[in-house]
Amino acid sequence: MAAPSTATIVLGSQWGDEGKGKLVDILAQETDVCCRCAGGNNAGHTIVIKDASGQKVMYDFHLLPSGLINPNCVGIIGSGVVIHVPSFFAELDKLQEKGLDCTGRLFISDRAHVVFDFHQIVDGLKEVELGGKSIGTTKKGIGPAYSSKASRSGMRIHHLFNEEAFATKFRQLVEGRFKRYGHFEYDTEGEIERYKTLAARLKPYVTDTLLLVNDALASGKRVLVEGANALMLDLDFGTYPYVTSSSTAIGGVCTGLGIAPRRIGKVIGVVKAYTTRVGGGPFPTELLDDVGNHLQEVGAEFGTTTGRRRRCGWLDLVVLRHSMLINGYDVLNLTKLDVLDALPELKVGVSYEIDGKALDGFPADLEVLAKATVRYTTLPGWQTPITGCKSFEELPSNCQDYVRFIEKELGVPIEWIGTGPGRDAMLHKSS
């Protein structure tokens, strides 16, 4: 019998959209099981591969584990994820239309909570309530679904399979939202009927994933966990309240999948070579000039899920140190380094100061953060394309220096470097 294994974890280290999907896709080629542990279909990964004829095919993942691109990999959606069932099937159908057969290798936790359409309506109503202090959510109903979960009024996947009990609980849940937000337009009885059909179609995918993932680890299988969102959007450690509604940190892996801390193996932090964020909230290194526009255009910084323009800025090492402290990265994946190719000089935020005094750590109080100024180190650019480079030594010397500067400042090795959008545009750097 094989010795027990540990799970490899891939986590976003900034505000999301770091390009986790491509690394997961690469690692999943030698993985038996790929898991999602938190979030919902507010997350988004785009993966570009070549098919048998050499044509590029783009796969968009939102709720499903992107490791499914490997036809031999099992996908697990854990209990910490919230699931909008119609979106689950819409995404699955699109993947299968592109030739990606997931039959018999995709499983959903029976403990996962359900996102209903009324949660999405409430999501918009809550944003209206906030007025000028809008969080900038994806309007996918993720926050309201987690609110239902926390208030112990939510419904889990297993509830869908008892028609009578489901109907009663569903009516109570909707009525509670009517009392809170007023009687918005919603066909409660029509939804109850729709979920009879959805539940029947969903049932083959539902299982006790707690046992599934732990059995996989116990039998020595290679398990990969794909984080959603990123550390700075974590409910506890992010820029609250401009955060998501789940634990995007390493702790969310344990609570979202039901695996013990000792089953955590290599932890990989994915770092974009600059910084982006979507929606409202603080962004100390944000660029509102031609350089920011350049990063947005060249980096194609539009949300996979929403299509919204991402705000762009210089790399922020204060954010990354905060992220490392919590997640304990063993190595890093530096992505989209090629987006910086044309810039004559690069700035890196190395510390925050208020009245000339450096701040310790990343402040919890956003009013304190608003008073801080960023101290930068300026490095020369390389002004030559790097997409064709296959090894670290092939990179221009200034590009190598940029990478080494990040490693030295953070004290963590960079193992992978993204040099372009394709699956093959990722070089492996030996330590």
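Figure 1. The model is predicted, with local features requiring pLDDT of at least 70 and side-chain atom pairs counted only at pLDDT 80 or more, while totals for chains, interfaces and linings use all residues. Residues are numbered from 1 along each chain as its sequence is written, and side-chain values use heavy atoms, with hydrogens and water left out. Helices (H or I, at least four residues) and strands (E, at least two) are DSSP runs numbered from the N terminus. Thr248 counts as buried because its relative accessibility is 4%; buried means under 20% relative accessible area, exposed over 50%, and partly exposed in between (1.4 Å probe, protein chains only). Apart from neighbours within four places in sequence, Thr248 is in contact (heavy atoms within 4.5 Å) with Leu11, Ala228, Asn229, Ala230, Leu231, Leu233 and Asp234.

**Figure 2. Cys102 in the loop between α2 (85–97) and β7.** With a relative accessibility of 2%, Cys102 counts as buried. Residues up to four places away in sequence aside, Cys102 touches Leu68, Leu92 and Gln96. Leu92 lies 10 residues from Cys102 along the chain, and the C-alpha atoms of the two are separated by 8.0 Å.

**Figure 3. The open sheet of 10 strands.** The strand order is β9-β7-β5-β2-β10-β1-β11-β15-β19-β20, and the pairing is mixed; two strands pair if DSSP finds at least two bridges between them. β9 (206–207) and β20 (426–428) stand at the edges, each with a single partner strand, so one side of each has no neighbour in the sheet. Strands β2 (residues 33–36) and β5 (residues 74–77) run parallel and are joined by four bridges, with Arg36 having Ile77 of β5 as its bridge partner. β5 also runs parallel to β7 (residues 106–109), through three bridges; here Ile76 has Phe107 of β7 as its bridge partner. By contrast, β19 (residues 414–418) and β20 run antiparallel and are joined by three bridges, with Ile417 opposite Leu427 in β20.

**Figure 4. The largest nonpolar core, with 73 residues.** A nonpolar core is a set of buried Ala, Val, Leu, Ile, Met, Phe, Trp, Tyr and Cys residues joined through side-chain atoms within 4.5 Å. The members that touch the most others are Ile9, Val253, Leu337, Leu340 and Tyr402. Helix α12 (residues 397–410) gives the most to this core, contributing six residues. A second, separate core has 45 residues, including Leu64, Phe166, Ala167 and Phe184.

**Figure 5. Contacts of Ile9.** With neighbours within four places in sequence left aside, Ile9 is in contact with Val225, Ile250, Val253, Ile264, Lys266, Val267 and Ile268.

**Figure 6. The second largest pocket, holding about 590 Å³ of space.** On a 1 Å grid over the protein atoms alone, a pocket is an open set of points where a 1.4 Å probe fits, with protein on both sides within 12 Å along at least five of seven lines; lining residues have an atom within 4 Å of a point. Grid points are joined across faces, edges and corners, and the volume is the space filled by probe spheres set on them. Of the 27 lining residues, Gly19, Thr46, Gly299, Lys336 and Pro421 are the closest to the centre. Both α1 (20–28) and β3 (45–50) supply at least two residues of the lining, and β3 gives the most, with four. By class, the lining has nine nonpolar, 11 polar and seven charged residues; Ala, Val, Leu, Ile, Met, Phe, Trp, Tyr, Cys and Pro count as nonpolar, Asp, Glu, Lys and Arg as charged, and the others, Gly among them, as polar.
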